[in-house]
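Please read the following report beside the sequence and the coordinates.

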Amino acid sequence: MVAWIDFVAVLLVLANLWLLGTSRLAVCIKAVAVQAVLLAVIGVLMNAGALGVRIVLVLAISTLVKAWLLPWLLRRAAREASVQREVEPLVGFTWSMMIGAALLGVCFVIARPLHLPRQVQAGILIPVAMFTIVTGLFMIVSRKNAITQVLGYLSMENGIYAFGAAFALREPLLVEMGVLLDVFVGVFVMGIAIYHISREFDHIDTDRLSVLRD
Amino acid sequence: MLVWTLILVPTLAGLAALFIRHNGLRRALLVATAAIHLVLTATCWSRPGALVVNDWLAIDEASLLFLTTTSVLFLAAAIYGAGFLRREAGHQAVDFEEGFLFDNLREATFTGCMLLFLATMTLVTASAHLGLVWVAMEATTLVSAPLITFHRHHRSLEATWKYLLICSVGIGLALMGNFCLAVAASFGSSGPVHLTIKALTAHAAELDPVWLKTAFIMALVGYGTKMGLAPLHTWLPDAHSEAPSMISALLSGALLNCAFLAILRMMAVLAAAGMGPFAADLMVLFGLLSMGVAAVFLIAQVDFKRLLAYSSVEHMGILSLGIGLGGMAGFGAMLHALNHSLTKAMLFLAAGNVLAVYKTKQIDKVCGMVKTVPVTAGLWLAGLLAITGSPPFGLFVSELAILRGALYSGHPVVATLYLIFLSTVFVALARTALRMTYGPAPQMTVQPVAHEPGWSVWPPALLGVATLALGLYVPDGLQDVLRQAARALGAP
């Protein structure tokens, strides 16, 4: 089973690099949706022995929200703001990929000495989850477009979720659904803010939101 | 039952407010809900036995303290808000700084979000499960974001965007902290420990120390962003300066405290696991850093709402420092949280009055307030004296307690830095206060206001009286709660 999880983890790495290396918003949104689908596969593999109704339900709902509903919302926001691509990121796309590769290495180095509970059999999923989080953070600081930043936030959330999956952490149902609801409403509210920003400013470049300062 | 009512009343009222068409009815609902919430909170003080619902929801001493602060502030903000909304209703507003016209957010949405904001903050204080604390904390960000952009123009949108993104990412790190805590809790011989505070403190010895430390750092950075600890405070001055004044009062006096409480919950777990000193040192470090950064930005501040915002960063630093030092300083920090909230809310409401009359946030364009708005001028001066820790106000007592705590626990360097930062802030704020209230006669453009409406002066005045009373006498019942809160949270 670990071999299969490792395989999916490698796909997750590829999705992250894809996310870092492209300028087209539609492709970025797709990459984040792919992340969410891969997370669902990981969820199934990790629980392959005891796939109860509750786990399947939680996985189904979160995949539906993260791989379909949120991408749909973001595509709509991009259309409303008539933005197709991230034009001039603070860090170029080639450099982003190279920095991404370096970060991946760093995550493996950090994850190696981690002290793990005996029952955890996660293969390379732990460093890959960390890499997904770092990818998201890197997107948020290196991109100017508001929608790409939201995608960074989502990638970070996906990474945190993968981290939880790697340790087979069982949060109570209420908390798990609460977290999902917060992420959903969060992206929804950000989408509304993006809509108003694009109407007010005729652009959604967050580095040009710089009136307020000391 | 009582705890459920506390959460459900504002939730239902908030949802109802979204659909009520009649303006007067909706404003009455806002004030009535705030009053009911305060009455319910007051009953909590007399019925400590009825406050534990289960392992998930419970009101302990620390909850009670922060819940009461939130409730009192919300009532003040609701009364002020009802008047404010009546003044703003029905016409396009003109921007004070740049003179363009803009629309306001729909009043129903605004009122609804305000009530839901109360509900989520109540949930933060009443949660005894760290996962639930996280869910509630993130929910406060989401329902308060629309409140900041009530005046819908480019500056408030910028502030909202920064608030949403920075706080969501911050809180995301706190979620990572929760997961690390869950990993730390899965090493036990008797299976994983649930993330309720009760279970975690009871099985603290089984937690893995390295993962626990990682969890604390993540939570401190995450919730610290929301609390406004430097260097993660960057969203705070923008959001506080652009939000309507009663919302600034709630953000500063209630929301920051909620984030502080979330950090304290985590600290309690570390203390139970015997790692109190590790957490305490980090709190002292962040505390001093916040005070220092705030002092620097306060000296050259030209905008009076940003001035108050940076003062909040400073006071969050003081809270963090006090809790980190522990003992008497821990008690002082709890008292300080209460005092700061009351005073800062009073100041923000008074700032709202100044803004309405002078139509500017620039400190150097406001002068001679004594002649134009005498009551607000008195409140503003008293508030600024109080916030700098001058006697006889409550903050003097709590700041002194923290200083004594620092000296008795053998931290002379910390105590010295603390005093240097406090006096710098005092000079910066006192200069501003005197300029604005007295100063040369007002310009011709600002006519003296014949009558300042009751809704705009009574709420801040009563908050001021409360701060003054706490400076003169802290009731025994309150002292017990403060002491137990500081102890339960594991202040070493």
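A nonpolar core is here a set of buried Ala, Val, Leu, Ile, Met, Phe, Trp, Tyr and Cys residues joined through C-beta atoms within 7 Å, where buried stands for 20 or more other C-beta atoms within 10 Å, exposed for 12 or fewer, and partly exposed for values in between, with C-beta atoms placed from the backbone. The model is a predicted one, in which local features need pLDDT of at least 70 and side-chain atom pairs count only at pLDDT 80 or more, while totals for chains, interfaces and linings use all residues. Residues are numbered from 1 along each chain as its sequence is written, and chains are lettered from A in the order in which they are written.

The largest nonpolar core has 263 residues, and those with the most contacts inside it are Leu125(A), Ile147(A), Leu250(B) and Ile263(B). Helix α10 of chain B (residues 245-272) gives the most to this core, with 21 residues; helices are DSSP runs of H or I with at least four residues, numbered from the N terminus.

Contact between residues requires C-beta atoms, placed from the backbone, within 7 Å. By this criterion, the two chains meet through 33 residues from chain A and 31 residues from chain B, and α7(A) supplies the largest share of the chain A side, 13 residues.

Leu38(B) lies in helix α2 (residues 23-46) of chain B, and it is partly exposed because 18 other C-beta atoms lie within 10 Å.

| Residue | Contacts beyond four places in sequence |
|---|---|
| Ile147(A) | Leu25(A), Leu74(A), Ala77(A), Ala78(A), Val83(A), Ile194(A), Ile204(A) |
| Leu38(B) | Ser71(B), Val72(B), Leu75(B) |

Key. Helix = DSSP H or I, 4+ residues; strand = E, 2+ residues; numbered from the N terminus.
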